Amino acid sequence: MSTQASASGSVNEARGRRSAQDVEDSKTHFRVCRFIIETGVKLGMRSVPMATACVLYHRFFQSASLQVYEPYLVAMSAIYLAGKVEEQHLRTRDIINVCHRYFHPESEPMELDGKFWELRDSIVQCELLVLRQLNFQVSFEHPHKYVLHYLLSVRSLLNRHAWSRTPIAETALAVLKDSYHGSVCVRHKPQHLALTSLYLALQTYGVQLPRGELEWWQVVCADITKAQIETIMSELLQLYDMEAKCT
Amino acid sequence: MERDLLRQSVSYHGENLMLLLKCEQSENPDFKRVAADLSKTLNQSVRIVSEAHAVMPPLEQFMEVCFEERRELFYRDVERGDVVIGRINSVRDFGLFITLLCTAGGLERDIEDLEIKALCPLRCVPSTGNHDDPLSYYQIGDLLRAGVKGIDRYHEKLTLSLYSSSLPPHLDKVKLGVISKEDLPLHYTYVNVTADSSQTYEKLLESSLGLSNPLNVDYLLGKLGVSDTQTPSLMRGLQSKHFKEDDFATAIRKKQSVSWALKCVKVGVGHFKSRRYVEAMNEYNKALEIDTNNVEALVARGALYATKGSLMKAIDDFELALENCPTHRNAKKYLCQTLVERGGQLEEEEKLVTAEGLYKRAIVLDNTFQGAAEALEKLQLRIQKSLELKEQEAAKEQEKTKTVETSAEKLRKILKEEKRMKKKRKRSTSSSTSSDTSSTSSDDSSSTSRKKSKKRKHKRRRSSHGSKKHKRRASSCSDKTVDDDIEWFPAPANTSASYIDQKQSISKLISEGEQSWEKSRCEDGRGRLDDAIDRSLENLKHGAQSEASRPGRPDVNGEVTDQHRTQSISECARNRRDSSSTQSEYSQKSDRYSKEFSLQGRKRSESERGGNEKMDKGERNSHDQDDGRKSSGGSLKKDIPSNLLDIFSQIAEFEKEKKLQK
């Protein structure tokens, strides 16, 4: 019952209809994703494994219910699993340490006692649960490599001084990273996401690219329309609004 | 070897196969023929296979930006120092005209159809060795890589140069000049490859191998200058300033390890106190595995090692602990104790110097540690005692070796002694004690000079500079060279004992000397013998006096001493220094030989020994030497073979005859 509710919640979101529960849920998801990204930074995770962790989390809760599963535990397991999948192995001890400190700021590190080992066991078991929930399909294609290639191509179009003046690469990557706070990352193709983040970055600084028969983004991604870009952009910007509400 | 098959195989497998082939097949003549071709193939294929990322043709090509715009953009964006590739379309006497094909370096543009022409003036063409006219090296249609030297944006003129100085430093390695088709940049070749198929950007990207490279993200992030672990974010809460160093995983882990290790150490100490040493060691090792260089664990383990007796390991552990935490009180204390204990062990093993070093270190560490200071003092005394013992033994050895010396030397020695005694008796106005002291000191000096003490500092202390003087003057016993004999005993012309044969004469001298010796040590031995001795001593005196008159000439002293001794050069240098100093001090003081002699003896004894204790030792030593001397004198008598005794008797008879003649 509750599973259905949450599943329909995400469907409703896509259709624009939102119930109170959905709003609450998306806030929780936002907070948990924020937790994942922060933990990732403290663990020294690279961008791609961090993205994998967020995607694992979102995909899990597309079909599971927040009432049944503890989101933070799922998040920790997602981090652990993502490290394995993307070849940046993290140790459970580090994950537990960082998470413990997140919840109890300025506290002493946990003693390596029974409680610690129980926590570790629960992470490992949850990992198996996540795998099963996702039918063991845990490798994803991320927009990062696309956005980087697009950046290279766009760079060659621009005057090098203009390029060095404006932090286009940093902004595009920042937008991409922030997009993982919400489920937008799982609802669109990676190429589109990449394109949109670059588009947003260029628009922010008002950079003019030469115009030919085709716009640059038409060349880069043949099947995208302006409207789609706009939609994704608005979703991305909503996430920034949500930050104010949730934290 | 089939050329084509090999080429195919190598281009597939790459560099590794090529290297292996070169190693294994270097002797194979077939391979040598194809090797050159293969390396070329390899270069080409390697470029494609090892792509870090997908290399795409310029975007503007896909965008179909119009001609004018592209041209405009090109002239806007090209900078000095860019590398361009073009084809020579005419060679004039003032330079080369080039039509640009593509860019290779800073800019990535599609310019082939723009028909941009550039000039490479003559002065920018380097001369190529054997050609008189540098331009004759170039022909129409050659592909040329050049650096952009000057741009006139308004008039749309480009000047190129073939000198690498026109390029920025990071492009130094780019080879300018004529190139071949293989050297054309990838994005251009791709253009040509795909131009007909008119693939979209997307399709091209997807099909590119570089896109599937899992590391392309890292590579490209690096290329674009963005850090991967500190990726920027636009969210307020994720700004880097909000992250505290203490929250990071490594910091927390470290703290956790330390406290875990401490727990293990506590358990271990519990075991240690209940004398369960094996368990204690296990706990300490566990603690050190968890947290290497944990100070507490190291100190505890060191204490355990010390208790069990492995002192060296204990010392290592304590030192490591002190490195990490120099103010750890227990570590210092235990280290001092262990050092002292180890020193004690070493003392028993007779490794005194090492022990001394350890004690000193212990004192340096903690100068309030009584045990170390006491132990050091005891040890130093012991060292000195042992040195004295060694010296005595060495002296005895020397004495023994002396007895094995040639009879000539023995004779000489006896004669010298006698002469000295006589001289003292004749000249010394001082009491017999002074002569005694001088004799004893001379004995001392001679014996010390004879000795070769191993400890250098003692050599310095006992600085045999005085003894050397004695040697020089008295030509005493330690020289073993025949040359010295000759030098010191030039055959005196007016002696009745005409020394036809030196050896014989000396043996005669010995016999005479023996006889006089046997009567009494201080007895006047008159006769020719004494004259001879006198003369020899005169020479020595002259020599000594001349040296005395030259106070500041350490070289002479050194030379003379070098001749007489078989010491090490360093010792000589030291002695030289010492001797020169004393000599300068005293040459002015006394004129008289004996005074100098005695004074030297006394002063030397004082100067040699810095402190009271040393003085005592010196006196003790001199007494010892006295004894040694006497014993050696006695042994001398015993060791002279019987045939020599005959010779002695002959000399005695001869002398008597002379006397009678007179």
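Me: What makes the pair of Leu211(B) and Asn216(B) a polar contact?
Reply: In this predicted model, the backbone oxygen of Leu211(B) lies 3.0 Å from a polar atom of the Asn216(B) side chain. The cut-off for N or O atoms is 3.5 Å, so the pair at 3.0 Å qualifies.

Me: Where is Asn216(B), and which residues does Asn216(B) contact beyond its neighbours in sequence?
Reply: Asn216(B) is placed in helix α9 of chain B. Leaving aside neighbours within four places in sequence, Asn216(B) is in contact with Lys145(A) and His149(A) of the other chain, and with Ala52(B), His53(B), Gly210(B) and Leu211(B).

Me: What makes Arg46(A) and Asp218(B) a salt bridge?
Reply: The closest N and O atoms of Arg46(A) and Asp218(B) are 3.9 Å apart. The limit is 4 Å, so the pair is counted as a salt bridge.

Me: Why is the pair of Arg46(A) and Asp218(B) said to join two chains?
Reply: Arg46(A) lies in the loop between α2 (20-43) and α3 (47-63) of chain A, while Asp218(B) lies in helix α9 of chain B, so the pair joins two chains. As for accessibility, Arg46(A) has 26% and Asp218(B) has 29%.

Me: How many salt bridges cross the interface of chain B and chain A, and which residues form a network?
Reply: The rule finds six salt bridges across that interface. One pair is Glu106(A) with Lys244(B), at 2.7 Å from N to O; the limit is 4 Å, so this pair qualifies. A search of the whole structure finds 23 salt bridges over all chains.
Arg101(A), Glu106(A), Lys244(B) and Asp247(B) are joined into one network by salt bridges that share partners.

Me: What else describes the interface of chain B and chain A?
Reply: There, 57 residues of chain B are in contact with 67 residues of chain A. The two chains bury about 5,700 Å² between them, with 59% of it on carbon and sulfur atoms. The count of residue pairs in polar contact is 26, both residues being at pLDDT 80 or more. The elements of chain B that give two or more residues to this side are α4 (59-63), α5 (67-77), α7 (201-207), α9 (216-224) and α10. Of these, α10(B) gives the most, with nine residues. By class, this side of chain B has 26 nonpolar, 10 polar and 21 charged residues.

Me: Why is the salt bridge of Arg71(B) and Glu156(B) said to tie together parts of chain B?
Reply: The side chains of Arg71(B) and Glu156(B) meet at 3.3 Å, N to O. Arg71(B) lies in helix α5 and Glu156(B) in the loop between β4 (143-152) and β5 (157-161), so the pair ties together parts that are 85 residues apart in sequence. Glu156(B) has 32% relative accessibility and therefore counts as partly exposed.

Me: What makes Arg301(B) and Asp317(B) a salt bridge, and which elements hold them?
Reply: Their closest N and O atoms are 3.0 Å apart; the limit is 4 Å, so the pair qualifies. Arg301(B) lies in helix α12 and Asp317(B) in helix α13 (residues 311-324), so parts that are 16 residues apart in sequence are tied together. Arg301(B) and Asp317(B) are buried.

Me: How do you know whether Asn294(B) is buried or exposed?
Reply: Asn294(B) has 5% relative accessibility; buried means under 20%, so Asn294(B) counts as buried. Asn294(B) is found in the loop between α11 (277-290) and α12 (295-308) of chain B. The Asn294(B) side chain reaches the backbone nitrogen of Glu296(B) at 3.1 Å. Not counting residues up to four places away in sequence, Asn294(B) touches Val258(B), Ala261(B), Leu262(B) and Leu288(B).

Me: What pLDDT does chain B have?
Reply: Chain B averages a pLDDT of 70, and 61% of the residues score at least 70. Over residues 432-487 of chain B the pLDDT is below 50. Where pLDDT is low, the predicted coordinates should not be read in detail.

Note on methods. Residues are numbered from 1 along each chain as its sequence is written. Chains are lettered from A and ligands numbered from 1 in the order in which they are written. Side-chain values use heavy atoms; hydrogens and water are left out. Helices (H or I, at least four residues) and strands (E, at least two) are DSSP runs, numbered from the N terminus. Buried means under 20% relative accessible area, exposed over 50%, partly exposed in between (1.4 Å probe, protein chains only). Contact means heavy atoms within 4.5 Å. A polar contact is a pair of N or O atoms within 3.5 Å; within protein, one must be able to donate a hydrogen and the other to accept it, and residues adjacent in sequence count only if both atoms are side-chain atoms. pLDDT is the predictor's confidence in each residue, from 0 to 100. Buried area is the accessible area (1.4 Å probe) that two parts lose on being put together, summed over both. Ala, Val, Leu, Ile, Met, Phe, Trp, Tyr, Cys and Pro count as nonpolar, Asp, Glu, Lys and Arg as charged, and the others, Gly among them, as polar.
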